[in-house]
Amino acid sequence: MSADTPRENATTSTAADGRELIRFDKVTKRFGDHVVLDQLEFSVSAGKHVTLIGPSGSGKTTILRLLMTLLRPDEGVITVDGDHLTHEEKGGRLVPAGEKHTREVRKKIGMVFQQFNLFPNMKVLRNITEAPVHVLGMGKDEAEQQARELLEKVGLTEHIDKYPSQLSGGQQQRVAIARALAMSPKVLLLDEVTSALDPELVAGVLDVLRDIAHTTDITMLVVTHEMNFARDISDDVLMFNEGKVIESGPPEKIFNDPDHERTREFLGAIL
Ligand SMILES: Nc1ncnc2c1ncn2[C@@H]1O[C@H](COP(=O)(O)OP(=O)(O)O)[C@@H](O)[C@H]1O
Ligand SMILES: [Mg+2]
């Protein structure tokens, strides 16, 4: 592959069972005339941790928002765990999916945002139990038991009865992580989850994420500028520029010896 040729298909290395959990097949997303994703192709295998890097404005958040069905693709097909996310088969044809189909597929995906997005009017416990009870139909006792276990995992047991506004940014973000895990997602999407935090709070959040990466089999698609963290947890790194994945590989390769000049330039600017 020449350094100038955008890689057509950045399929990541194969998981133990080789199953693809996420697949983007020629996905195009435009805002007006602005083509943000240009026939994007990539896939993530079950259990893998894949980090997306690339310049600001290159479309990383757009990829995650498409997976959350907060946006719809203009062209192409997104598949999650073998099911089309925004399409469904009817009479042998692929047609735009109805709400019900999309909601079912989306249940497999959890996301943590840069700005926490906790429910401000609910205490920590209810932030975590709300979706399991109302979306999954879990019993209240079971949901609360699970929430306690998750709060212990993220080190926030003593804050269970507080409102989000009574917590630091780092604590709020750890609640947001617990809330995402409470839905038992197969895929966890993390969008610059430490970018809004005071520097001294970043390490605590990254420690929690490292623990999840090393102790669960959740597939992770991560956007981060924390390159040491990316090195620690990633099976593959995808360098994304102008709507396409321009190169991909294990972190040692991408961070130490990238093929592409644009990758070198980008890493030079942020490391
Ligand atoms: N809702 C929107 N309407 C118009 N333009 C948007 C919208 N969301 C994102 N964009 C544009 O799409 C491009 C990619 O944005 P984004 O996915 O947020 O990039 P990144 O996360 O890599 O910084 C940017 O130029 C941004 O301004
Ligand atoms: Mg972004």
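User: Let's start with Gln146: is it buried or exposed?

Analyst: Keep in mind that this is a predicted model. The general idea is a cut-off: buried means under 20% relative accessible area. Gln146 has 17% relative accessibility, so it counts as buried.

User: Where does Gln146 sit, and which residues does it touch, leaving out those up to four places away in sequence?

Analyst: Gln146 belongs to helix H4, residues 140-153. With those sequence neighbours set aside, it touches Pro132, Met138, Ala182 and Ser184.

User: Pro132 makes me curious about H3. Which residues of H3 are buried, and what covers them?

Analyst: The buried ones are Val124, Leu125, Asn127, Ile128, Thr129, Glu130 and Pro132. Their cover includes H4 and H5.

User: Now Leu66. Why does it count as buried?

Analyst: Same cut-off, under 20%. Leu66 has a relative accessible area of 0%, so it is buried. You'll find Leu66 in helix H1, residues 60-67. Not counting residues up to four places away in sequence, Leu66 touches Phe24, Val27, Lys29, Leu37, Leu71, Arg72, Pro73, Ile78 and Leu85. Take Val27 from that list: Leu66 and Val27 are 39 residues apart along the chain, and their C-alpha atoms are separated by 9.8 Å.

User: What about ligand 1? Which residues are around it?

Analyst: List the neighbours, then look at the polar atoms. Around ligand 1 are Phe31, His34, Val36, Pro55, Ser56, Gly57, Ser58, Gly59, Lys60, Thr61 and Thr62. Gly57 uses its backbone, with an N or O atom 2.6 Å from a ligand 1 oxygen. Lys60 has a polar side-chain atom 2.8 Å from an oxygen of ligand 1, and a side-chain N or O atom of Thr62 is 2.6 Å from a ligand 1 oxygen.

User: Last one, the largest pocket. What is its volume, and how many residues line it?

Analyst: The volume is about 480 Å³. There are 20 lining residues, and Met68, Arg106, Ile109, Ala131 and Met183 lie nearest the centre. Elements giving two or more residues to that lining are helix H2 (99-106), strand S8 (109-112), helix H3 (124-134) and helix H5 (169-181). H2 supplies the largest share, 4 residues.

User: And by class, what does the lining of the largest pocket have?

Analyst: It has 9 nonpolar, 4 polar and 7 charged residues.

Methods
Residues numbered from 1 in each chain as written. Chains lettered and ligands numbered in written order. Predicted model: local features only at pLDDT ≥ 70, side-chain atom pairs only at ≥ 80, totals over all residues. Heavy atoms only, no water. 1 Å grid on protein atoms, 1.4 Å probe; cavity = no way out; pocket = protein on both sides within 12 Å on 5 of 7 lines; lining within 4 Å. Points joined across faces, edges and corners; volume = space filled by probe spheres on them. Nonpolar A, V, L, I, M, F, W, Y, C, P; charged D, E, K, R; others polar. Buried < 20%, exposed > 50% of the residue type's maximum accessible area, 1.4 Å probe, protein only. Contact = heavy atoms within 4.5 Å. Near = heavy atom within 4 Å. Polar contact = N/O pair within 3.5 Å; in protein donor to acceptor, adjacent residues only side chain to side chain.
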